[in-house]
Amino acid sequence: MKPRPLPYSALVVDDSPHMRILLMRLLQRNGISSIESAVDGAEGVKRYKSSKPDIVFLDAIMPEKDGLTALQEIKILNPDSIVVMTTSLSERAKVLQFKDAGANYYLLKPFEEEKFIDTLGKVVAILAQRAKKE
Amino acid sequence: MECFNCHTVNDEERKFCKECGAPLGSYCQRCKNVGDINDKYCGVCGNALAVNAQERLFSPPEEPGTPKQYTLDEIQDLLSLRKIARAEEAASSTVTQTDADLLFS
């Protein structure tokens with residue numbers, strides 16, 4: 001069954017081409033077709049500035065600019081941005097750093113498609129609620 | 001008194017085993033007093049004491065020149081206990097997806 005198209009845009013920031021493709025396919029399969037990608041934190045922040053996507057999927061360990069720095073900069077640009085961390089970092093101290101920096105969700109790699117869909121559903125619910133208020 | 005570690009029979013008045021140096025009573029890590037074998041708290045400083053032989057293995061006397069001799073079984077026990085402690089420490093310092101969900105809910 002073809003998913004209902006969703007009127008939201010997404011930015012995928014990951015230095016792994018495999019992960020970028022995987023996340024983009026998952027997004028497409030779940031109704032999001034407006035997707036951009038970036039290969040590191042620096043390009044991610046640049047693309048966020050220019051296109052203001054509704055959702056950001058952000059890796060943590062990347063060259064140029066790491067995920068934490070990129071997250072902090074995105075949150076300065078837009079405190080209401082929705083950022084889903086997609087990372088294999090599981091050290092509690094690190095995870096808490098991302099939480100403190102304003103990350104909205106945390107997906108531990110490798111994750112199941114069901115988990116991704118569940119998280120995307122939560123993000124879409126927030127975006128729909130915001131749209132209603134406006 | 002029989003030493004819990006090497007089972008050498010020692011004179012009653014001895015505080016440390018004449019063969020292996022293990023404490024023959026309850027050994028206090030804080031003030032180094034050796035009290036009665038059944039003491040739960042140190043009679044000198046009030047510190048809570050290790051109450052069994054295995055716990056005492058973790059607090060051997062730190063007197064110079066009295067190195068503690070462990071049997072192979074004891075060494076294996078200590079290593080497996082250390083492994084468990086390390087695994088528990090690692091588990092508590094990392095998060096699962098469920099933990100992350102709770103943190104970010």
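Analyst: In this predicted model, the buried residues of helix 3 of chain A pack against strand 1 (9-13), helix 2 (41-51), strand 3 (55-58), strand 4 (82-87) and helix 4 of chain A. Helix 3 itself covers residues 67-77, and its buried residues are A:G67, A:L68, A:A70, A:L71 and A:I74. Seen down the axis of helix 3 of chain A, these buried residues fall within an arc of 160°, so they line one face of the helix. In an α-helix there are 3.6 residues a turn, so residues three or four places apart point the same way.

The strands that helix 3 of chain A packs against, namely strand 1, strand 3 and strand 4, belong to an open sheet of five strands, which are ordered 2-1-3-4-5 in chain A and pair in parallel. Strand 2 (34-38) and strand 5 of chain A form the edges, each pairing on one side only, and neighbouring strands of the sheet are turned by 20° against each other on average, direction ignored. Within the sheet, strand 3 and strand 4 of chain A are joined in the parallel sense over four bridges, and A:L58 stands opposite A:M85 in strand 4 of chain A.

A:M85 is also among the residues with the most contacts inside the largest nonpolar core, which has 37 residues, as are A:F57 and A:V84. Leaving aside residues up to four places away in sequence, A:F57 touches A:A10, A:V12, A:V13, A:L23, A:V84 and A:T86.

Notes: Residues are numbered from 1 along each chain as its sequence is written. Chains are lettered from A and ligands numbered from 1 in the order in which they are written. This is a predicted model: local features need pLDDT of at least 70, side-chain atom pairs count only at pLDDT 80 or more; totals for chains, interfaces and linings use all residues. A nonpolar core is a set of buried Ala, Val, Leu, Ile, Met, Phe, Trp, Tyr and Cys residues joined through C-beta atoms within 7 Å. A residue is buried if 20 or more other C-beta atoms lie within 10 Å of its own, exposed if 12 or fewer, and partly exposed in between; C-beta atoms are placed from the backbone. Two residues are in contact if their C-beta atoms, placed from the backbone, lie within 7 Å. Helices (H or I, at least four residues) and strands (E, at least two) are DSSP runs, numbered from the N terminus. The arc is that of the directions from the helix axis to the C-beta atoms. Two strands pair if DSSP finds at least two bridges between them. Axes are lines fitted to C-alpha atoms, for helices over the stretch in contact, and angles run from 0 to 180 degrees between N-to-C directions.
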